[in-house]
Amino acid sequence: MEAISEALQPYKEQVGMAAGILTVGQMFSGCFVCNDIRKKGTTDGFSAMPFVGGCGLTVLFLQHGMLMNDSAMTNANLVGLTISLAYAIFFLLYTPPTGRSSYWRQVGGTALFTITLLGYVKVENPSVVEDRFGMIITVLMLALIGQPLFGLPDIIRRKSTEGLPFAMILSGTIVGLSWLLYGVILNNVFVVVRSVFISKQVAVLCDTRSRSDVFTRDSTEGNTQCYQLSLV
């Protein structure tokens, strides 16, 4: 990877800028999920974690960008934090009273965990904090982007992807590929690993969609119905 990194060094600024712009554009894909919530009039069936957890993770990515002294990552995450906060507030407005306690528990847990990790950065040895912190947020990011996949058995059973942020995942794949190239240029293994797993997630979901396009027989009415996974 070092040889490729050296060869692509002249394009570092251009690739970083392109990745940052694509990232900001991708963050607006959450509007599709918000629009579905608006149409339904409630957040029932939708998880707040992609938005709430996204806020915390964006703060951590911002901190990592600052540790790396990388303007492309820092600027992208500053804009991303603003957008993520807007989504989290929108989700709260459409959350019914019975579900708000769960929402605030997620907010509290995310905030506490984020503050703890930011505190770790302050006390860790400066010579190793960039690599160790990068490893930590990589694991956290994999947990967050994999969160929608935990519902795959239920999605296949119901033959519906309602509540699955497919638009966010699809656009995230494109962004992941751009950051993959930038990570290679930086010769940073954590940026590369995060980008590879972001890109891989959509392949799993597309495979699930193809496996779930099935026909079922209505035994009471005697007619055939086709259930297809709908894109969020």
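1. Helices (H or I, at least four residues) and strands (E, at least two) are taken here as DSSP runs, numbered from the N terminus, and axes are lines fitted to C-alpha atoms, for helices over the stretch in contact, with angles running from 0 to 180 degrees between N-to-C directions. The model is predicted, so that local features need pLDDT of at least 70 and side-chain atom pairs count only at pLDDT 80 or more, while totals for chains, interfaces and linings use all residues. Residues are numbered from 1 along each chain as its sequence is written, and side-chain values use heavy atoms, with hydrogens and water left out.

2. The axes of helix α3 (residues 30-40) and helix α5 (residues 71-93) come within 11 Å and cross at roughly 10°. That makes α3 roughly parallel to α5, a term for angles under 35 degrees. In contact (heavy atoms within 4.5 Å) are G30, C31, C34, I37 and R38 of α3 with Y87, F90 and F91 of α5. By class, this contact has 6 nonpolar, 1 polar and 1 charged residues, where Ala, Val, Leu, Ile, Met, Phe, Trp, Tyr, Cys and Pro count as nonpolar, Asp, Glu, Lys and Arg as charged, and the others, Gly among them, as polar.

3. A search of the whole structure finds 1 salt bridge, defined as a side-chain nitrogen of Lys or Arg within 4 Å of a carboxyl oxygen of Asp or Glu. R132 forms a salt bridge with E124, and their closest N and O atoms are 3.2 Å apart. E124 is buried at 16% relative accessible area, whereas R132, at 44%, is partly exposed; buried means under 20%, exposed over 50% and partly exposed in between (1.4 Å probe, protein chains only).

Methods
Angles under 35 degrees count as roughly parallel, over 145 as roughly antiparallel, 65 to 115 as roughly perpendicular and the rest as oblique.
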